[in-house]
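Colleague: I would like to learn how to read helix packing and a ligand site from a model. Could you take me through it step by step?

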Amino acid sequence: MLVTEEKTGLRAIIAIHSTARGPAFGGCRYWSYGSDLAAMEDALRLSRGMSLKNAMADLPFGGGKAVILRGDGQHERNAMYQAFGRAVQVLAGTYITGEDVGTSVADMLAVREVTPYAAGIPRPDGFGGNPSPKTALGVFAAIERGASHVFGARELSGLRVAVQGLGAVGWALAERLHRAGCKLVVADIDDSRTAAARRAFNAVVVAVDDIATQDVDILAPCALGATLHRQSIPALRARLVAGAANNQLATNGDGDALHERGIAYLPDYLVNAGGIISCVREYQGGFAEADVDAEVLRIANRVDSLFVRASSAGEPLSRAADRWALEKLAS
Ligand code: NAI
């Protein structure tokens with residue numbers, strides 16, 4: 001669905017990929033795109049990712065995603081998000097929205113004023129709201145379990161991890177990795193974030209173009225998508241790749257290329273489901289935070305199952321995960 005409202009400056013795309021498991025559930029990205037086509041492609045790719053993510057996490061929801069195209073004009077932000085909320089309302093519950101890159105809890109509160117089909121809003125008991133800490137919890141659990149398969153390591157202490165992007169999830173992940181005794185190498189286009197990481201975690205700061213090729217054990221992509229591709233993969237030195245960014249593989253073939261290089265790639269939609277699990281349970285209501293945390297930590301069990309599935313089928317982790325998620329979607 002394409003939405004335009006001149007008065008508020010809203011230009012948005014709502015992409016619904018699947019409602020096979022239930023209403024489409026996925027966040028809203030606010031971003032500057034090079035073209036409308038690029039925005040459309042992003043929305044479509046992200047919405048497919050949500051179908052796989054929600055299925056893989058056994059959530060009773062389908063996949064959808066929205067993007068708001070960031071324009072040049074100066075428009076009132078609340079009014080624009082309310083206009084977006086009215087479009088969500090028109091879909092009458094077929095699509096439920098939440099935060100994604102560029103969209104804040106305050107923006108979601110504006111959406112919530114005009115439609116109930118919005119999540120990522122703090123509950124009175126304090127649970128809910130910004131999903132990033134839960135995403136980081138799940139990514140950390142996946143890295144821990146992935147490392148045990150790849151390095152035979154019972155704990156992460158001493159392993160070198162490159163964190164690409166120190167935003168809401170990347171920073172929270174870096175905190176956990178630092179506490180676990182990892183040596184961190186970090187990059188972000190925002191120098192204030194890398195400077196803070198140097199101070200807080202004694203992290204080594206490198207240029208954004210160099211982070212993927214660092215001599216590390218683990219690469220955690222936590223910025224934007226499509227960073228794993230034909231050019232970057234041959235130069236990677238990490239043996240495990242697991243991070244929060246959506247759509248890390250530029251193409252499906254890139255998962256094969258990682259496998260051929262002996263690099264274990266844990267698919268983003270398996271690893272980064274903590275945020276959507278949090279949003280869904282907050283939206284449904286009646287879940288205690290401790291139970292939600294336990295549900296997020298079950299991502300580690302799926303990592304175990306994925307290694308078993310991939311090795312028994314003799315296929316790359318990315319292919320085994322896709323097949324598994326599509327089976328769940330089909331059933
Ligand atoms: P964010 O916007 O808070 O952080 C992104 C960070 O990446 C920013 O600090 C930005 O300066 C940095 N960055 C941008 N381009 C970069 C580049 N080329 N190299 C290095 N750093 C760069 O976003 P957030 O919420 O932390 O999300 C990160 C990724 O995880 C996104 O791809 C998002 O879709 C995905 N994700 C986030 C979830 C959440 O709960 N926030 C849930 C699931 C996925």
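**Reading helix pairs and a ligand site**

Modeller: This is a predicted model. Two packed helices are described by the angle between their axes and the distance between the axes. In this model, helix 4 and helix 11 (residues 299-313) pack at an angle of about 35°, and their axes are 8 Å apart. Helix 4 passes helix 11 in a right-handed crossing.

Colleague: Which residues of helix 4 and helix 11 meet?

Modeller: From helix 4 come G138, A141, A142, R145, G146, H149 and V150. They meet I299, A300, N301, V303, D304 and F307 in helix 11. Sorted by class, this contact has seven nonpolar, four polar and two charged residues.

Colleague: At what angle do helix 4 and helix 5 pack?

Modeller: Helix 4 (residues 132-150) and helix 5 (residues 168-179) pack at about 50°, with their axes 8 Å apart. The two helices are therefore oblique to each other. Their crossing is right-handed. In helix 4 the residues involved are S132, T135, A136, L137, V139, F140 and I143, and in helix 5 they are A168, V169, A172, L173, R176 and L177. By class, the contact of helix 4 with helix 5 has ten nonpolar, two polar and one charged residues.

Colleague: Is helix 5 roughly parallel or oblique to helix 6?

Modeller: Begin with the numbers: the axes of helix 5 and helix 6 (residues 191-201) come within 11 Å and cross at roughly 20°. That makes helix 5 roughly parallel to helix 6, because angles under 35 degrees count as roughly parallel. The crossing of this pair is right-handed. W171, A174, E175 and H178 of helix 5 make the contact with R193, A196, A197, A200 and F201 of helix 6. The residues of that contact divide into six nonpolar, one polar and two charged.

Colleague: Now the ligand. How many residues surround the ligand, and which are the closest?

Modeller: There are 23 residues around the ligand, and the closest are T135, V169, D188, A223 and N246. T135 also belongs to the helix 4 side of the contact with helix 5, and V169 to the helix 5 side.

Colleague: Which atom of the ligand is 2.6 Å from the side chain of T135?

Modeller: An oxygen atom of the ligand is 2.6 Å from an N or O atom in the T135 side chain. N246 has a polar side-chain atom 2.8 Å from an oxygen atom of the ligand.

Notes. Residues are numbered from 1 along each chain as its sequence is written. This is a predicted model: local features need pLDDT of at least 70, side-chain atom pairs count only at pLDDT 80 or more; totals for chains, interfaces and linings use all residues. Side-chain values use heavy atoms; hydrogens and water are left out. Axes are lines fitted to C-alpha atoms, for helices over the stretch in contact, and angles run from 0 to 180 degrees between N-to-C directions. Helices (H or I, at least four residues) and strands (E, at least two) are DSSP runs, numbered from the N terminus. Angles under 35 degrees count as roughly parallel, over 145 as roughly antiparallel, 65 to 115 as roughly perpendicular and the rest as oblique. A crossing is left-handed if the near helix is turned anticlockwise from the far one by less than a right angle, and right-handed if clockwise. Contact means heavy atoms within 4.5 Å. Ala, Val, Leu, Ile, Met, Phe, Trp, Tyr, Cys and Pro count as nonpolar, Asp, Glu, Lys and Arg as charged, and the others, Gly among them, as polar. A residue is near a molecule or strand if one of its heavy atoms lies within 4 Å of it. A polar contact is a pair of N or O atoms within 3.5 Å; within protein, one must be able to donate a hydrogen and the other to accept it, and residues adjacent in sequence count only if both atoms are side-chain atoms.
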